[in-house]
Amino acid sequence: MTPFTNRVIKIIQSIPSGKVMTYGQIAGLAGNPRGARQVVRILHSMSQNYNLPWHRIINAKGEVVIKDAEGAFIQKDRLLSEGIALTKAGKVDLAFYRYTPQIDWDLEDQ
């Protein structure tokens, strides 16, 4: 596993119930500000193995981006069950629900 992948997994695992992060936010904190698509791939391939709270990851506009209607419904339902309100347009208010973890690793040492 690459250091970036390991950091992404740790960041996602740290997101508390009732909070969200964006793909780009996670990528930047993990050391690759342009790696949002890599975060998507990591979520897709490793969510089950690492019990990742995939539903807490949304895009920078506060939107659920799952194309599959059933998957989008499940994600929104899980967010709602954690107390995360959605606007009438189905978005999450990032100013209120965004999680900003304290990262304690030195990226130069990874």
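The questions and answers below concern a predicted model.

Q: How far apart are the end C-alpha atoms of helix H1, and what span should its residues give?
A: Helix H1 runs over residues 3-14, which is 12 residues.

Q: Which residues of H1 are buried, and which elements do they pack against?
A: The buried residues of H1 are Phe4, Thr5, Arg7, Val8, Ile9, Ile11 and Ile12.

Q: Is Ile9 buried or exposed, and which residues does Ile9 touch beyond four places in sequence?
A: Ile9 sits in helix H1. Its relative accessible area is 3%, and the limit for buried is under 20%, so Ile9 is buried. Leaving out residues up to four places away, Ile9 touches Met1, Ile42, Met46, Tyr50 and Leu52.

Q: What distance separates the C-alpha atoms of Ile9 and Tyr23?
A: Ile9 belongs to helix H1. Along the chain, Ile9 and Tyr23 are 14 residues apart. Between their C-alpha atoms the separation is 12 Å.

Q: Is Ile11 buried or exposed, and how far in space is Ile11 from Pro101?
A: Ile11 is also a residue of helix H1. With 1% relative accessibility, Ile11 counts as buried. Ile11 and Pro101 are 90 residues apart in sequence. Their C-alpha to C-alpha distance in space is 7.6 Å.

Q: What is the volume of the largest pocket, and which lining residues lie nearest its centre?
A: The volume of the largest pocket is about 430 Å³. Its lining is made up of 16 residues. Nearest the centre are Leu43, His44, Ser47, Trp54 and Ile66.

Q: How many nonpolar, polar and charged residues line the largest pocket, and which element gives the most to the lining?
A: Sorted by class, the lining has 9 nonpolar, 6 polar and 1 charged residues. The element that gives the most contributes 5 residues. That element is H3.

Q: Is Arg41 buried or exposed, and how far in space is Arg41 from Ser81?
A: Arg41 is placed in helix H3. Its relative accessible area is 53%; exposed requires over 50%, so Arg41 is exposed. Arg41 and Ser81 are 40 residues apart in sequence. C-alpha to C-alpha, they are 25 Å apart in space.

Q: What is the phi of Asn51, and is Asn51 buried or exposed?
A: Asn51 is in the loop between H3 and S2. Most residues other than glycine have a negative phi. In Asn51, phi is positive, near 50 degrees. With a relative accessible area of 67%, Asn51 is exposed.

Q: Is Lys61 buried or exposed, and with which residues is Lys61 in contact beyond four places in sequence?
A: Lys61 lies in the loop between S2 and helix H4 (69-81). A relative accessible area of 58% makes Lys61 exposed. Setting aside neighbours within four places, Lys61 is in contact with Lys91 and Leu94.

Q: How far apart in space are Lys61 and Lys19?
A: In sequence, Lys61 and Lys19 are 42 residues apart. Their distance in space, C-alpha to C-alpha, is 15 Å.

Q: How many aromatic pairs does the structure hold, and why is the pair of Phe96 and Tyr97 edge-to-face?
A: The structure holds 1 aromatic pair. The ring centres of Phe96 and Tyr97 are 4.7 Å apart. Planes over 60 degrees apart count as edge-to-face, and these rings have their planes at 85 degrees, so the pair is edge-to-face.

Q: Which residue, Phe96 or Tyr97, is buried and which is exposed?
A: Phe96 has 53% relative accessibility and counts as exposed. Tyr97 has 11% relative accessibility. The buried residue is therefore Tyr97, and the exposed residue is Phe96.

Terms used. Residues numbered from 1 in each chain as written. Predicted model: local features only at pLDDT ≥ 70, side-chain atom pairs only at ≥ 80, totals over all residues. Heavy atoms only, no water. Helix = DSSP H or I, 4+ residues; strand = E, 2+ residues; numbered from the N terminus. Expected span 1.5 Å × (residues − 1). Buried < 20%, exposed > 50% of the residue type's maximum accessible area, 1.4 Å probe, protein only. 1 Å grid on protein atoms, 1.4 Å probe; cavity = no way out; pocket = protein on both sides within 12 Å on 5 of 7 lines; lining within 4 Å. Points joined across faces, edges and corners; volume = space filled by probe spheres on them. Nonpolar A, V, L, I, M, F, W, Y, C, P; charged D, E, K, R; others polar. Phe/Tyr/Trp six-rings, centres within 6.5 Å; stacked < 30°, edge-to-face > 60°. Contact = heavy atoms within 4.5 Å.
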